[in-house]
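I opened the notebook to go through one chain, element by element. These entries record what I looked up.

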Amino acid sequence: MQFTPCLGSEGCATFGRLTPDLFADFYIRLFDFWYEDYKKEKNVEIKLLTETEKAHYGEQIFALLREADADFVPPLSARFPEAKNEADGVRRYFDEMLTANLLATLEGDTLLGFVAFRENISGNYIPEGTFPNLYIGTAVITREARGMHLTTRMYEYLFDVLRPDYSCFTRTWSTNAAHIAILTRMGFSLTKRVENDRGEGIDSVYFGLIRK
């Protein structure tokens with residue numbers, strides 16, 4: 001999203017680390033204004049990848065993670081202390097992420113972005129007994145495709161078409177205004193905050209959309 005790069009688990013990296021309290025309403029209004037127009041901007045396909053398709057698009061997925069590495073807080077490559085270098089850190093993240101479901105946006109045979117999610121998990125950020133559920137771990141869009149609302153489009157397809165009866169959960173960082181705005185617009189509520197979890201003044205924030 002190029003007013004902001006859209007990323008996940010970690011969510012969407014924002015330009016300028018703008019605070020959500022000041023700018024969430026602005027982003028929500030911006031999404032509403034463009035909501036109809038974005039469908040006309042590019043002819044793309046959104047689909048859940050099979051294991052064979054994950055292998056087919058593997059190099060593109062890895063390249064996209066490397067491109068977006070530093071947009072995450074903390075960077076993806078920094079999450080594996082045993083990694084030899086940045087590329088090795090991203091490769092370890094990539095290998096772990098491939099065990100999740102991948103919802104991809106494609107233009108022909110070109111990957112524009114994806115959302116990685118897991119189903120029916122439990123944890124301290126998911127209310128006990130909330131089943132079925134899904135947890136979004138990662139969402140990334142190529143730099144060239146940012147500004148096309150692809151994260152919103154994939155979320156809508158995931159929540160309304162693929163898993164309409166599932167409660168949905170995710171987390172991001174507190175200065176990540178763009179992703180928080182997307183979640184707010186789609187009906188998510190803040191369920192947990194861990195202060196200074198990602199550095200001084202940067203909290204981990206957890207969001208949920210409960211389906212009854």
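**Entry 1. The whole chain**

I noted at the start that this is a predicted model. I then looked up the elements. The chain has seven helices and seven strands. I read their order from the N terminus as α-α-β-α-α-α-β-β-β-α-β-α-β-β.

Next I looked up burial. Of the 212 residues in the chain, 53% are buried. I also checked how far apart contacting residues sit in sequence. Among contacts with a separation of 6 or more, 69% join residues 24 or more positions apart.

**Entry 2. H4 against H5**

I took helix H4, residues 58–68, and helix H5, residues 86–97. Their axes are 10 Å apart, and the packing angle is about 125°.

Which residues meet? On the H4 side I listed Gly 58, Ile 61, Phe 62, Leu 65 and Arg 66. On the H5 side I listed Glu 86, Ala 87, Val 90, Arg 91, Tyr 93, Phe 94 and Met 97. Sorted by class, this contact has eight nonpolar, one polar and three charged residues.

I recalled the helix rule here. An α-helix has 3.6 residues a turn, so residues three or four places apart point the same way.

**Entry 3. H5 by itself**

I checked the length of H5. It has 12 residues, which at 1.5 Å a residue should span 16 Å. The expected span counts one less than the number of residues. The end C-alpha atoms of H5 are 16 Å apart, so the two values agree.

Which residues of H5 are buried? I found Asp 88, Gly 89, Val 90, Tyr 93, Phe 94 and Met 97. What do the buried residues of H5 pack against? I found H4, strand S2 (101–107), strand S3 (110–119) and strand S4 (133–141). Val 90, Tyr 93, Phe 94 and Met 97 are buried, and they are also among the H5 residues that meet H4.

**Entry 4. Leu 64 in H4**

I stayed with H4 and picked Leu 64, which lies in this helix. Leu 64 has a relative accessible area of 3%, so it is buried. Leaving aside neighbours within four places in sequence, I listed its contacts as Leu 111, Gly 113, Phe 114, Val 140, Ile 141 and Thr 142. Leu 64 and Ile 141 are 77 residues apart along the chain. Their C-alpha atoms are separated by 7.6 Å.

**Entry 5. H6 against H7**

I turned to helix H6, residues 150–162, and helix H7, residues 177–185. Their axes come within 11 Å and cross at roughly 35°. H6 passes H7 in a right-handed crossing.

From H6, I noted Thr 151, Thr 152, Tyr 155 and Glu 156 in the contact. From H7, I noted His 179, Ile 182, Leu 183 and Arg 185. By class, the H6 and H7 contact has three nonpolar, three polar and two charged residues.

**Entry 6. Backbone checks**

I looked up cis peptide bonds. The bond from Val 73 to Pro 74 is cis, with omega near -5°. Pro 74 sits in the loop between H4 and H5. Phe 131 and Pro 132 are also joined by a cis peptide bond, with omega about -5°. Pro 132 sits in the loop between S3 and S4.

Asn 120 has a phi of about 50° and lies in the loop between S3 and S4. His 149 has a phi of about 65° and lies in the loop between S4 and H6.

Is each one buried or partly exposed? Asn 120 has 40% relative accessibility, so it counts as partly exposed. His 149 has 2%, so it counts as buried.

Beyond neighbours within four places in sequence, Ile 126 is in contact with Ile 121, Asn 133 and Phe 169. I also looked up Ile 126 and Lys 192, which are 66 residues apart in sequence. From C-alpha to C-alpha, they are 9.7 Å apart in space.

How values were computed: Residues numbered from 1 in each chain as written. Predicted model: local features only at pLDDT ≥ 70, side-chain atom pairs only at ≥ 80, totals over all residues. Heavy atoms only, no water. Axes fitted to C-alpha atoms, helices over the stretch in contact; angles between N-to-C directions. Helix = DSSP H or I, 4+ residues; strand = E, 2+ residues; numbered from the N terminus. Contact = heavy atoms within 4.5 Å. Nonpolar A, V, L, I, M, F, W, Y, C, P; charged D, E, K, R; others polar. Buried < 20%, exposed > 50% of the residue type's maximum accessible area, 1.4 Å probe, protein only. Left-handed = near helix turned anticlockwise from the far one by under 90°.
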